[in-house]
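Reader: I am new to this structure and would like a close look at one part of it, the pockets. Please take me through them slowly, one after the other.

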Amino acid sequence: MILKTIFLIVPLLLILIIGGGFLVTSDFFKESPQICFLEPLDKTSIDIYYSCEDFDEENPLQVAEINHDELILYSLNLINDDREHYNTPLVELGTSSSIAQEHAEELLNLCKTSYWDSDGMKPYMRYSIAGGEGAINENIAVVGTPEIQKHWTQENIEQILEWNQHNMVERDELNAFRHSMNILDENHNYLNIGIAWNSFCVAIVHQFEDRYVEWKQKPILTPNKEFILSGQINFNATIEQIDVFFDPIPLPLSDQDLMASPPTYGFGHVCTHIACSEDSLPVGTVLPNSESADLEPDVLEEIINQDSNIPLFVAHKWETTHNEDFTTFSIEEDFTNLVNFVAEASNTDGKGVYTVLVWALPEGSNNGMVLTTISIFFL
């Protein structure tokens, strides 16, 4: 019995010794956790650098107090400084910044940019659901890495905002200066800003807004497929046409889907979270109906659609009045043929998201502008 006990104890001791040795060895080679600090960052710096040190577990570093509202105003001032420098009208802080803020906070989970959200929606869809009344275009950026933990201060994030702003305006070659053109677009009059940060990254969302319409009826598509919109533009303009884009009903996206999404977004199903086409085409266009026209709208539609790849509509109702300071409009059209066209082209029942772009030409200008990017969820 004694020998059997000895033989049992010896293997157990060997296991404990070997296991203990492994644990010691593992701890010996394991890197100590570190905290990293932003090196001095100028807006013209080529890249961002950090200096790191081991955590002091006995005297842990206190989280710095950072004022979110001050960062929002700081970002707004940076953008207006650039707009003033390039002789572009200044923008005001918008009333829809909660949408931009929510998207910025979601980007922190990825530590990577994506114009899509986890519900599968693009910026103009989020804007419309939140009650947006104009046209929007979005810039986003995420600064930082998920590999190293950082200690941010208010000054750090202000430096990052300034550095990112300079990159988007002056060094945006890789993006064909799309960010820069958006920042300096003369038609923008409002800006919704989202800024969020965690221990690894800083997310920045700029949602530029063109808001010039007071709505009597925002664009709707009734159950009977009647397309209706009416309101007042706060300057004298000619509404030239209305383009309608279609997206399928958005579906939830995983983190992997979002991280793999394209670096740009566009209108319609030709720009999905998988890929974007350079040629984003509408699924239908509504044209003015002149009371002085010799032919009825139905006859005109039949003629102009002979050589068209998409349905063209001559509105059955297109009423506008002009004043020196404003333009009123009331437009209606039957969209049965449009919904049928979408249903056949997409092998669906035509249900989905129809996004309305109203094109207007201000009096005395040669440059048209988009008054709306409002999405109708026809479900």
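Author: The model is predicted. I begin with the second largest pocket, which has a volume of about 670 Å³. Its lining is made up of 27 residues. Those that lie nearest the centre of this pocket are A141, V142, W163, N164 and N175. Two elements, β4 and α5 (154-170), each give two or more residues to this lining. Of these, β4 gives the most, with five residues. Sorted by class, the lining of the second largest pocket has 14 nonpolar residues, nine polar ones and four charged ones.

The largest pocket comes next. The volume here is about 1,000 Å³, and 34 residues line the space. N137, R178, Y265, G266 and F267 are the lining residues that lie nearest its centre. Four elements each supply at least two residues of the lining of the largest pocket: β4 (135-144), α6 (178-183), β14 (352-362) and β15 (369-370). The largest share again comes from β4, which supplies five residues. The strand β4 therefore deserves attention in both places, because β4 gives the most to the lining of the second largest pocket and the largest share to the lining of the largest pocket. By class, the lining of the largest pocket consists of 16 nonpolar, 13 polar and five charged residues.

One stretch of chain between two of the elements named above is worth a further look. The helix α5 gives residues to the lining of the second largest pocket, and α6 supplies residues to the lining of the largest pocket. In the loop between α5 and α6 lies A176. The phi of A176 is near 55°, a positive value in a residue other than glycine. Most residues other than glycine have a negative phi.

C111 is found in the loop between α3 (97-110) and α4 (123-129). Its relative accessible area is 14%. C111 is therefore buried, because buried means under 20%.

Key:
Residues numbered from 1 in each chain as written. Predicted model: local features only at pLDDT ≥ 70, side-chain atom pairs only at ≥ 80, totals over all residues. Heavy atoms only, no water. 1 Å grid on protein atoms, 1.4 Å probe; cavity = no way out; pocket = protein on both sides within 12 Å on 5 of 7 lines; lining within 4 Å. Points joined across faces, edges and corners; volume = space filled by probe spheres on them. Nonpolar A, V, L, I, M, F, W, Y, C, P; charged D, E, K, R; others polar. Buried < 20%, exposed > 50% of the residue type's maximum accessible area, 1.4 Å probe, protein only.
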